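Have the structure open as you read.

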Amino acid sequence: MSGPNTDYDPVEVTPLHADEVDRRRDEALAAIAAATSLDALKQVRLAHAGDRSPLALANREIGSLPPQARKQAGMRVGQARSEVRSALDRRLAELEAAAEEQMLVDEVVDVTATLGDPPPGSRHPLTTLQERIGDMFVAMGWEIAEGPEVEAEWLNFDALNLGPDHPARSMQDTFFLDPPEAHLLLRTHTSPVQARALLTRPLPVYVLAPGRVFRTDEPDATHSPVFHQVEGLAVDRGITMAHLKGTLDHFARSMFGADVDTRFRPSYFPFTEPSAEVDLRCFVCLARPPAVDSCRTCKGEGWIEWGGCGVVNPRVLIACGVDPEEFTGFAFGMGIDRTLMFRHGIEDVRDMAEGDVRFTRAFGVDV
Ligand code: DAH
């Protein structure tokens, strides 16, 4: 027969020993007092009051005591845990109050502070370039003409010898407006201002028409549904292609420097005959070997496509009531956005449309 195990005194289960419980409690209270932030206190709560804290583990041991020892051990551990809990709560309240006070200091708003001078506004570089081009032509005795952005289909196309079957009239390029029977559209180029000028002004006519134009292009680095053109029209007695060339060379020089001129390549526009594409001599390499070969601006071409031009087609003059036997003229159309891009090495047309002041600021304050 086996007797009782006299070596084992269940009241002496170590974690429940009075000294041990006190030690754990004091450890917890010291850690709580030492916590100086809410985060630190969270860690202390976990270590000293969490499910796996020494006092919680001790609490679990109570069940293994003989019934007569449980009450006292339970009270001892319970008392220690509740001291720890209330110390935690007190410290939490203190730290929260301190954090709130600090927040009030950190986030203080000085309602008397001044903002300093507001940055001066400036016009968009496209606007200033447009006006610079205008000034240059005005200095030669030309006039500035404007036309509406919502234009009559007849002026945008028919008057310019763009017959009803011309591809540019298809829905692909043009924003037509409702109702269709109104025959209105967003002008696809500034050329209708040519027709408007001839229909309304006395001859001779020397007009420059800068403005916004619209095409149904998906925006990407080189396309935008809204862009800017400058249209030129000179109708007088004895106007020839030579006048056109001289005018465009002057225009090119005033934009890109004294060494720059233009070159014509044969092309077709219904409103001019003959017609040409205008290339600009690359203002970086001047199309001279060997610099041209490694030129990044013209990509080794020496020339940069700039716009279209030609001698005004007599059919346009007739449509606008001008006698082509007496008067001749030249016309040209350039992209202003392209011109700005060449001048300033802008690589993405979207930069000009997004309205980010960091872009415009680089052009200086031009009011
Ligand atoms: N309107 C043409 C376009 O948007 C550009 C153009 C070409 C205008 C020749 C002209 C011209 O006045 O003569 O592509």
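Pro-179 sits in the loop that links helix H6 (153–156) with strand E3 (184–186); helices (H or I, at least four residues) and strands (E, at least two) are DSSP runs numbered from the N terminus. Most peptide bonds are trans, and most residues other than glycine have a negative phi.

A word on the basis: this is a predicted model, in which local features need pLDDT of at least 70 and side-chain atom pairs count only at pLDDT 80 or more, while totals for chains, interfaces and linings use all residues. Residues are numbered from 1 along each chain as its sequence is written, and side-chain values use heavy atoms, leaving out hydrogens and water.

Ala-287 has a positive phi of about 60°. Lys-299 lies in the loop between E7 and E8, and its phi is near 55°.

Now step back. The protein has 11 helices and 9 strands. Its radius of gyration (over C-alpha atoms) is 42 Å, well over the 21 Å from the globule rule (2.2 Å times the number of residues to the power 0.38) for 367 residues, so the protein is more spread out than a compact globule. The C-alpha trace spans about 140 × 50 × 45 Å along its principal axes.
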